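Please look over the model below before reading the notes.

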Amino acid sequence: MARYVYGPVPSRRLGRSLGVDLVPLKTCSLNCVFCQLGRTLQPTIERAEYVPTDAVVEEVRERLREGVPLDYITLGGSGEPTLHSSFGIVAEQIRSFSRVPIALLTNGSLFYLPDVRAACRAISVILPTLDAGDEETFRRVHRPHPDLTLERIVQGLVALRQEYAGQIWLEVFLVPGLNTSDEEVRKIQAQIERIRPDRIDLNTAVRPPAEGFVKPVPPERLAQIRDMLGPKAR
């Protein structure tokens, strides 16, 4: 029975994605109001080997032996995968026996750490999130660990862009009343210009969120925000 691997599942951004779960449920640095997994009771930035590295890699190997067609192998799952202290080793070992590109689905909060950036060498595409353009909105949307600030996270993503040769697809998760006004979008755009992602993916609530007040953004407003953010936005 699989413990650390799930799918493949259909992904709007990654096609047929084989998921790799590197942390126990809701082990995360943020407590986002929109999270489909519910609330994070105690956000953490402590990096550790939350699940056994060798067992994760072997489970991926066994799943690939079944010959399932895949577009990506995705490190993500039940929390923030970069909290796993050996997520980079997991990626490198998978790369040693598979040509399927590896994606990292992350909240982007730990790239201020040089070790986290360096661990991304074997990853083909990183999908971080940026949902606020100022500190107040950041705290309202993400309810982060006390040591995290928006500026620290943005600086980490800027450094990642300078050091990382793969693709960065930045997600902007939109919550009506928090980050969807023209003013808020312009602030987000200013931060995006610092990060210089290859692509911008707009998202909104399509699954039950952690907080009941989070509602989906109407399609017409999503289209307006896409146009405001420019040709990289979709």
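The numbered points below take these topics in turn.

1. This is a predicted model, and the remarks here should be read as describing that prediction.

2. The largest pocket has a volume of about 1200 Å³. Its lining comprises 43 residues, and those nearest the centre of the pocket are R13, Q36, L105, E171 and R207. Sorted by class, the lining residues are 20 nonpolar, 15 polar and eight charged.

3. Several strands take part in the lining of the largest pocket. At least two residues come from each of β1 (5-11), β2 (15-21), β3, β6 (167-174) and β7 (199-204).

4. In helix α2 (residues 87-97), F87, G88, V90, A91 and I94 are buried. These residues lie on the same side of α2 because they cover an arc of only 155° around the axis. An α-helix has 3.6 residues a turn, so residues three or four places apart point the same way.

5. Helix α5 (residues 150-163) and helix α6 (residues 182-195) have axes that come within 8 Å and cross at roughly 35°. On the α5 side the contact involves L150, E151, V154, Q155, L157, V158 and R161, while α6 contributes Q191, R194 and I195. By class, the residues of this contact are five nonpolar, two polar and three charged.

Terms used
Residues numbered from 1 in each chain as written. Predicted model: local features only at pLDDT ≥ 70, side-chain atom pairs only at ≥ 80, totals over all residues. Heavy atoms only, no water. Axes fitted to C-alpha atoms, helices over the stretch in contact; angles between N-to-C directions. Helix = DSSP H or I, 4+ residues; strand = E, 2+ residues; numbered from the N terminus. Contact = heavy atoms within 4.5 Å. Nonpolar A, V, L, I, M, F, W, Y, C, P; charged D, E, K, R; others polar. Buried < 20%, exposed > 50% of the residue type's maximum accessible area, 1.4 Å probe, protein only. Arc of directions from axis to C-beta. 1 Å grid on protein atoms, 1.4 Å probe; cavity = no way out; pocket = protein on both sides within 12 Å on 5 of 7 lines; lining within 4 Å. Points joined across faces, edges and corners; volume = space filled by probe spheres on them.
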